[in-house]
Amino acid sequence: MANVSVPAGGAGWGERLVDALLSGRGVWPAVPSIVVLMVMAVIPFAILLSLGFSDIEVARGAIISQTFSLTHLTTALTDPLYWITFQRSLNLALTTTFFCLVFGYPVAYLFLVGGRWTKRIILILTIAPLLTSGIVRTYAWLVILGGRGVVNSTLLSIDLIDQPLRIMNTHWAVLIGMVQIHLPVMILPLIAVMSRHDTRLVEAAENLGASQLATLRTIIFPLSVPGIGTGAALVFTLSYTTFVVPQLLGGGNYLNAATMVYEQVVFSLDWSKGSVSSLILMVTCLIVLVIIALITNRLTRWTRGRDA
Amino acid sequence: MKLTRRTVLSGVAATTAALSAPSILRAQSRELVMVGYGNASDAPLIAAGEELGRRNPGVSLRVIGGLSAEALAQIKAARGNSPYDLAVMGSPAIVNALAEDVIVPLDFSKIPNSGNVDPRFMPYGYDVGQPIWFEGIGIAYDTTKISTPPSRWEDLWSGEFNGRIGMCRPQSNLGLGVLAATCEAFGMPQNDMQFALSKWEELSPLVGRSPPLLQQMIERGEVDLAPLWHVNTALAASSGLPIGYAKIAGPGPLMLPTNIVQFVNTAEGTADLVHEFANILLTPEIQKMAGSAPIYFGTVVEGIEVSADAAPYVPSTPEELNSTTSLDWRSFAPLRGETVETFDRMFAA
Amino acid sequence: MLDTAGPMIDSNDPAPVLSIGAVSKKFDSLTVLENCSLDVAEGEIVTLLGPSGCGKTTLLRCIAGFWDADSGGIRIDGRDMGAVPVNRRPVGVVFQSYALFPHMTVVQNVGYALRMLRMPRSAVAERVSTALETVSLTGLEDRYPSQLSGGQQQRVAIARVLVMEPRVLLLDEPFNALDAKLRGSMQVELRQLIKKLGLTSIFVTHDQEEALTMSDRIAVMRAGRIEQAAPPEEIFDRPATAYVADFIGMSNFFSGEAQAGAVLLPDGQSQSTELQGPVKVMIRPHNIRLVDAQDQDWRGTIAFHRPVGPLIEYHVDVAGDQIKVLSMRQQQSQIYADGACVGLQVIDPASCSIYPGAH
């Protein structure tokens with residue numbers, strides 16, 4: 001246990017925070033959520049993290065001794081299984097993000113240029129899937145992609161193939177499922193950012209001699225970069241840390257990072273391993289998010305100094 | 001309403017009071033909380049719970065569905081303050097739970113009906129749990145694609161089933177048990193998981209993540225056959241699909257007893273209720289209910305007849321009954337995590 | 001009354017740069033433009049003036065090509081624009097809120113049209129810096145629009161269209177986004193700039209002050225039609241319709257009866273007219289003089305007065321009607337107080353406008 005001590009005499013930030021809390025300068029309404037966050041997220045996370053750096057002894061279900069150790073981390077980092085698994089997860093998440101962008105952008109663009117009904121239909125089609133759980137949507141893919149599923153029976157009936165294709169329980173099934181399930185998360189921020197801009201900008205570009213394609217390239221696309229950044233960050237995080245879709249569509253021999261954490265915690269009950277894996281998962285995820293943020297920032301320098 | 005320190009603090013206090021209320025109620029009405037199956041198989045547990053309530057007014061049983069492994073993780077997460085009083089648990093899970101030290105041994109003298117249990121089952125409670133019924137491991141197969149199902153474990157390696165067979169990921173008791181049975185069939189020690197995995201690699205199997213998902217793979221025609229619990233197979237066949245079940249020998253027919261176990265840190269007086277509950281489960285009424293459609297659990301109490309519709313799934317003939325065996329779960333259950341990693345090194349796509 | 005404002009160009013003038021011929025446009029069942037015709041000569045600044053919803057912006061958008069007219073045609077330098085897409089029209093638009101590209105610097109904004117023409121970099125740079133000099137924006141090249149003041153943004157918007165050397169410049173309420181203080185000076189500055197460059201321009205506004213400042217000619221629009229297109233003085237002094245008279249400047253309306261080619265004005269003088277029957281007479285407040293009430297048939301009491309710059313505005317209550325009068329302050333030996341009894345006289349009967357109208 002660490003004791004937090006406030007520097008004597010001077011008003012340290014800790015003291016000022018306590019002061020601010022007690023005087024209630026607008027912080028009070030946020031206190032319940034801060035408490036919930038601390039209890040539900042920060043403290044458990046700290047505990048989990050501590051497990052990754054210690055050897056544990058349990059008795060009657062409780063941890064009785066915890067000694068500092070780096071072995072779990074070094075073992076994981078030198079284990080090729082971890083490298084392969086995290087590479088696969090990263091690869092899957094990045095491809096999912098890429099395809100979500102490729103499929104989502106035209107939809108968002110259609111929303112921008114479409115009429116009232118186009119907009120409504122796009123919104124309904126985008127939001128409706130979010131109202132059902134991801135598990136249900138994943139099961140739908142089981143039905144579609146399975147050996148007797150819609151895809152295979154159609155291909156068989158038109159004699160394109162004579163044996164059902166094995167799509168289920170492959171990397172492709174996981175990718176297809178992930179892209180479909182995370183597509184709305186890409187489309188919504190794109191729509192939000194793209195429709196925030198004045199339609200006159202497009203007219204101005206056309207008036208200045210830009211073709212539709214040039215307008216898309218020089219005006220609509222650069223202005224939608226913040227949306228792309230947000231969407232990509234969301235889709236990446238969700239795909240990188242998902243374990244429902246890979247479990248259901250990837251089959252029993254498809255392993256991604258989140259599934260690995262789940263199994264280490266629940267089945268192997270090896271929490272030090274689970275903790276280290278989730279730490280690696282989180283750190284790598286943060287690294288990618290920082291990269292996405294840096295790229296986005298670089299492409300949106302114009303948003304800075306907006307209030308200047 | 002103006003949000004001030006006072007309103008926030010009183011709100012927090014009120015919320016805390018509201019949240020703690022259920023635990024107060026639970027203490028007063030003495031509700032037993034147990035980990036069950038989360039599907040139709042909970043019926044005999046619920047029936048026994050009602051009987052328990054009749055015998056002890058004010059007592060009730062809540063069955064929460066879920067994996068026993070997840071329950072163990074939850075107890076571990078609660079640092080021993082178990083949210084559950086008891087559970088149904090397969091023998092290998094008991095081995096894992098003992099390693100976590102979350103189980104309080106049952107006092108079998110307080111379970112009179114325990115004396116009626118076929119002595120072959122009792123060891124699988126590992127002196128802490130009371131066996132109540134069993135599930136068999138055999139081969140589920142698509143009857144339209146396989147005319148003569150394998151009858152011994154070695155038959156799977158005839159070459160005929162390569163690429164058509166499914167297997168279960170070894171984090172499950174089923175997956176782990178099948179690997180041990182493979183070792184046994186080829187004369188190796190049951191805990192030589194490396195050997196078993198390389199044998200299975202030869203079959204280039206399609207892998208199901210869990211028994212229900214493997215069951216679905218057979219239902220959808222993605223695999224023609226797979227080792228499966230008899231309970232899952234019966235469930236799949238009951239929907240009218242052309243799915244058969246072969247009780248495999250050598251070793252076998254294989255069974256895995258299900259046991260009642262009691263978790264640490266349960267409140268005062270709970271232990272008596274748990275024992276009484278286990279005793280009720282071993283009464284002929286509950287045993288018959290568990291052994292009949294649609295559940296078809298194998299019964300462990302001597303003298304309970306196997307019904308005709310259960311016969312395809314549960315050992316019923318004298319020689320089947322005599323040769324029924326299990327595995328030395330104790331020797332390989334602790335290898336679960338390690339085996340999963342080895343499996344992933346060899347099989348991960 | 002003029003049916004539509006036809007070409008107001010003398011026959012010996014060269015061909016108009018912009019020629020709007022009987023343009024009509026409907027949205028669903030709502031007619032927003034009805035048979036609008038207007039010719040604009042080389043270097044001329046014409047203002048489309050009217051209240052919101054009168055169709056002025058629609059007409060501007062039709063010229064720019066954002067919308068297609070249902071019927072009628074728009075010609076620039078004699079060439080029909082019907083089949084020319086937006087991005088090929090020799091028209092530059094300065095938008096109401098400027099529509100500067102927020103993600104581009106001043107230089108990038110101004111050079112946009114040239115880049116779309118795939119002009120070499122050096123040529124772009126040269127023309128951009130010339131344009132920026134023209135609008136006095138040098139030194140701000142690398143700023144983003146969000147870092148500029150409203151006036152600077154307006155100048156970027158103008159420079160951005162100037163570089164493409166449009167045949168017609170369209171300005172859609174360009175002063176709306178500016179604060180009132182800045183507007184006046186910017187109007188004069190902009191007019192001088194456009195005149196210096198000799199750009200043929202259409203300027204849309206709902207503000208008559210702006211229109212009077214900016215325009216060579218004002219086309220007053222009402223409900224999708226052009227009521228009158230004429231130079232500012234003519235619009236002010238000889239409004240073609242009662243609507244124009246009412247819309248531009250202050251006015252007093254009286255009902256009268258035209259008989260034998262003349263109308264009797266309220267003060268007893270008469271003014272000749274070709275109309276017959278019931279008419280409306282419009283007298284500008286500055287065309288009325290206040291005199292002593294004695295010997296005057298037309299008289300009333302001062303209800304309200306206030307100084308307006310060098311003038312004084314009186315509201316005179318005559319039998320329940322309020323009549324507005326503007327007097328020069330120095331010439332007035334006497335400032336009448338509220339409640340004073342005064343007589344009124346029309347200074348120049350010929351300056352009164354007479355329109356057909358029922359009682």
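## Basis of the model

Residues are numbered from 1 along each chain as its sequence is written, and chains are lettered from A and ligands numbered from 1 in the order in which they are written. As the model is predicted, local features need pLDDT of at least 70, side-chain atom pairs count only at pLDDT 80 or more, and totals for chains, interfaces and linings use all residues, while side-chain values use heavy atoms, with hydrogens and water left out.

## Arrangement of the chains

Two pairs of chains are in contact, and chains A and B share the most contacts; contact means heavy atoms within 4.5 Å. Chain B and chain C do not touch, and their nearest C-alpha atoms lie 37 Å apart.

## Interface of chains A and B

Chain B contributes 48 residues to this contact and chain A contributes 43 residues. The two chains bury about 4000 Å² between them, with 54% of it on carbon and sulfur atoms. Buried area is the accessible area (1.4 Å probe) that two parts lose on being put together, summed over both. Within chain B, the residues that lose the most area to chain A are B:Lys76, B:Arg79 and B:Arg209, together 17% of what that side buries.

Four salt bridges are counted between chain B and chain A, a salt bridge being a side-chain nitrogen of Lys or Arg within 4 Å of a carboxyl oxygen of Asp or Glu. B:Arg169 and A:Glu263 meet in a salt bridge, at 2.5 Å from N to O. The elements of chain B that give two or more residues to the side touching chain A include helix H1 (5-29), helix H3 (68-77) and helix H13 (336-347). H13(B) gives the most, with eight residues. Helices (H or I, at least four residues) and strands (E, at least two) are DSSP runs, numbered from the N terminus. By class, this side of chain B has 22 nonpolar, nine polar and 17 charged residues. Ala, Val, Leu, Ile, Met, Phe, Trp, Tyr, Cys and Pro count as nonpolar, Asp, Glu, Lys and Arg as charged, and the others, Gly among them, as polar.

## Interface of chains A and C

This contact takes 26 residues from chain C and 25 residues from chain A. The buried area is about 2100 Å², of which carbon and sulfur atoms give 61%. C:Asn87, C:His103 and C:Met116 supply 25% of the area that chain C buries against chain A, more than any other three residues.

One salt bridge is found across this interface. A:Glu203 forms a salt bridge with C:Arg61, with the closest N and O atoms 2.2 Å apart. Six residue pairs are in polar contact between chain C and chain A, both residues at pLDDT 80 or more. On the side of chain C that touches chain A, strand E6 (91-94), helix H2 (106-116) and helix H4 (150-162) of chain C each supply at least two residues. That side has 16 nonpolar, seven polar and three charged residues.

## Salt bridges overall

Over all chains the count comes to 31 salt bridges. B:Arg169 lies in the loop between strand E6 (166-168) and helix H5 (173-185) of chain B and A:Glu263 in helix H12 (residues 257-266) of chain A, so this pair joins two chains.

The largest pocket has a volume of about 1400 Å³. Of its 49 lining residues, those closest to its centre are B:Gly66, B:Leu67, B:Ser210, B:Pro211 and B:Pro212. On a 1 Å grid over the protein atoms alone, a pocket is an open set of points where a 1.4 Å probe fits, with protein on both sides within 12 Å along at least five of seven lines; lining residues have an atom within 4 Å of a point. Grid points are joined across faces, edges and corners, and a volume is the space filled by probe spheres set on the points. H7(B) provides the largest share of this lining, five residues.

The second largest pocket has a volume of about 830 Å³. H10(A) gives the largest share of its lining, ten residues, and H2 of chain C is among the elements that each supply at least two.

## Backbone features

The peptide bond from B:Gly250 to B:Pro251 is cis, with omega near -5°, and B:Pro251 is in the loop between strand E9 (243-246) and strand E10 (254-263) of chain B. A:Asp159 has a positive phi of about 60° although it is not a glycine.

Conventions: Polar contact = N/O pair within 3.5 Å; in protein donor to acceptor, adjacent residues only side chain to side chain.
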